[in-house]
Amino acid sequence: MLTLHIGIDDTDSKKAMCTTYVAAVIFDDLVRKGLSPVRRPQLIRLNPNCPYKTRGNAAVALRFRVDPRGLDEVKEKVLERVSELAELECEGTEPGVAFYTGEDIPPELRSFSISVVRRMVSVEEALAVATAVGAELHALRGRRGVVGALAAVGMDRIPGKTYELLAYRVRHNWGTFRRVDEGSVVRMDMLTRPWTFDNFDYETNESRITPHTPCPVLLGIRSLDPEMAFYAFSALRILEPTERILLFETNQATDLHIQEVKVAEIEENTSVSVEGFVADLPRVMPGGHVFFTLMDETGTVQCAAFEPTKSFRNVVRSLRPGDRVRVYGGVKSKPGMPLTINLEKIKVISLARFVRTSPPRCNVCGKKTESLGKGKGYRCPRCGNKLPEGSKLLVEEQRTLRPGVYEVPSSARRHISKPLLLEGLKPIEEISKA
Ligand SMILES: [Zn+2]
């Protein structure tokens, strides 16, 4: 018997389908044919900064024991299903399938997979790796999907893996309102967290387990532990039929995308962690976005907390020049803007003293004076008395921010980012083994 590794990517469009559903159908097809999986199906989140990703930029891997005589038939079945279910008529959907036959994944394929999570990888790079290790690539329309498909195959071992139980809807309900009782989502969250996570966003008061797209997914429960995922599912009140459910191993909530770098090494469309000093006062821009400049010994970079990061912006707004911080986030460039780190997390390491200047009181009538402009001194609005620049008051600000790690709310978090709640937690199965 051989082990056949199957990778699938980019079968969905912005409007419909979901690569995990295509994989779930194929998984059931193969099990029904009598094949045994060698491990759980895997849901692999790729580079979250990829500019042409559909939604969550996910690829899927399936791994089965296959009789060598039936190998070609199995591959054909997989390709048939992908063509049948993929959104082929949709512009921009470029489904890819990768096959690799062999017990162990070659090290160069493993490191290729990590690259695809961390940076932009070209189709040519994927073709070169596939040729080198003897993997088979199929592009069903366009070639882009083969990159993610091959990356999924290569990620057989996921450091710090988590799980997601996905439940799918029957076809005639696709595109309609999802009927999952919200109260039961809150109860389930209370019962199972932190072993399950991102179930409910208490800041925006909405369920996080149900997507808002017309895709076949009814709900997804993210979990540190397989049994806890099923228990959480059983605690939900679901008011519509489910077509199938499948538990995936995932690299979600692992921070696998983040690379520790210096400012000078920052590249567009990667995710980074950088330590440095706050170089200026945070600026609140129209739309409520907050920006500041981070500096280390190699240069400066702009950091941003955008409006959807909600209360996280209060943390960023309370930074002051000289604060020592470590920032985490995806690097983007937009026309007319410098390279910007879109903050996902920030660690406030130490706080600087911050002294504000304010206009003095008039020494004639006691009224608060007004500035005549930077360095030009002050004038009393009541009696016209003028005071020199040197008479300004210096007031040390009482810092309310505390050292610690702060993150964006779950509604703004990337699938692959590790929530703070999970820091230091281990899956229950590892605890019981210890
Ligand atoms: Zn006065």
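1. The second largest pocket holds about 370 Å³ of space, a volume being the space filled by probe spheres set on grid points that are joined across faces, edges and corners. A pocket here is an open set of points on a 1 Å grid over the protein atoms alone, where a 1.4 Å probe fits and protein lies on both sides within 12 Å along at least five of seven lines, and lining residues have an atom within 4 Å of a point. The model is a predicted one, in which local features need pLDDT of at least 70 and side-chain atom pairs count only at pLDDT 80 or more, whereas totals for chains, interfaces and linings use all residues. Residues are numbered from 1 along each chain as its sequence is written, and side-chain values use heavy atoms, with hydrogens and water left out.

2. The lining of the second largest pocket comprises 19 residues, and those nearest its centre are Asp198, Phe200, Glu407, Ser410 and Arg413. Two or more lining residues come from each of β8 (196-197) and β9 (200-201), strands being DSSP runs of E with at least two residues and helices runs of H or I with at least four, numbered from the N terminus.

3. Because domain 2 (162-254) and domain 3 (257-408) both contribute to this lining, the second largest pocket lies between them; the domain bounds come from an automatic or database domain assignment. The C-alpha centres of domain 2 and domain 3 are 39 Å apart.

4. The zinc ion has as its protein donors the SG atoms of Cys362, Cys365, Cys380 and Cys383, at 2.3 to 2.4 Å, where donors are N, O and S atoms within 2.8 Å of the metal (3.2 Å for Na, K and Ca) and sites may look incomplete since water is not among the atoms. The angles subtended by the four donor atoms run from 101 to 125 degrees, so the arrangement is tetrahedral, a label that requires all angles to lie between 85 and 135 degrees.

5. The peptide bond from arginine 193 to proline 194 is cis, with omega near 5 degrees, and proline 194 sits in the loop between α6 (182-192) and β8. Asparagine 269, in the loop between β13 (258-260) and β14 (271-278), has a positive phi near 65 degrees, and its 11% relative accessibility means that asparagine 269 counts as buried (buried is under 20% relative accessible area, exposed over 50% and partly exposed in between, with a 1.4 Å probe and protein chains only).

Technical notes. Four donors count as tetrahedral if all angles lie between 85 and 135 degrees; four count as square planar and six as octahedral if opposite donors are over 155 degrees apart and all others between 65 and 115; anything else is irregular.
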